[in-house]
Amino acid sequence: MAVAGLLVAGSALWMTLLYSQKPGTGDLLYVLRLVFAAAMAGSLVLGFAAVRRRDIARHRAWMIRAYAIGLAAGTQAFTEGIAVAAFGDGELVGDLAKGAGWVINLAVAECLIRRRPSRRAGPAPAA
């Protein structure tokens, strides 16, 4: 799965660097795409390195972060709709709304990573 994720991050970098910007998007989104594609690739590499060291907790954390970045496109559909409804249409509004999708996903991921594990109920005592 890490290889597939690296292909996704690599294609995001490739498309950002080599394709012309879509009309209505600005330099902020260009930079955000570079940052988050690199962050996704870095998270995957760090997650792979952690599992090679048998550090499962860190592997899990890095993979959750990479997954959150990868899923941001779905969140961006909501953040863009809300931003346009609240602030109108515009380059900066659209760029910030897309950035909010990444930030929201990473915030939720960090909450999941840092939460305390709940005590699982063991088997019922014999009567």
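1. W14, M15, L17, L18 and Y19 make a nonpolar surface patch of about 610 Å². A patch joins residues with over 30% relative accessible area and no salt bridge, with nonpolar side chains (Val, Leu, Ile, Met, Phe, Trp, Tyr) joined within 5 Å and like charges within 9 Å. A salt bridge puts a side-chain nitrogen of Lys or Arg within 4 Å of a carboxyl oxygen of Asp or Glu. Areas are from the Shrake-Rupley method with a 1.4 Å probe, and for residues only the protein chains shown count as cover.

2. The model is predicted: local features need pLDDT of at least 70, side-chain atom pairs count only at pLDDT 80 or more, and totals for chains, interfaces and linings use all residues. Residues are numbered from 1 along each chain as its sequence is written, and side-chain values use heavy atoms, without hydrogens and water.

3. W14 lies in helix α1. Helices (H or I, at least four residues) are DSSP runs numbered from the N terminus. W14 counts as exposed because its relative accessibility is 53%; exposed means over 50%, buried under 20%, and partly exposed in between (1.4 Å probe, protein chains only).

4. Helix α2 covers residues 27–52 and reaches 38 Å between its first and last C-alpha, close to the expected 38 Å. The expected span is 1.5 Å times one less than the number of residues. Among its buried residues are L29, F36 and M40. The buried residues of α2 pack against α1, α3 and α5 (contact: heavy atoms within 4.5 Å). Just after α2, R54 has a positive phi of about 65°.

5. Buried residues of α5 include D95, K98 and W102. The buried residues of α5 pack against α2, α3 and α4.

Conventions: Helix = DSSP H or I, 4+ residues; strand = E, 2+ residues; numbered from the N terminus.
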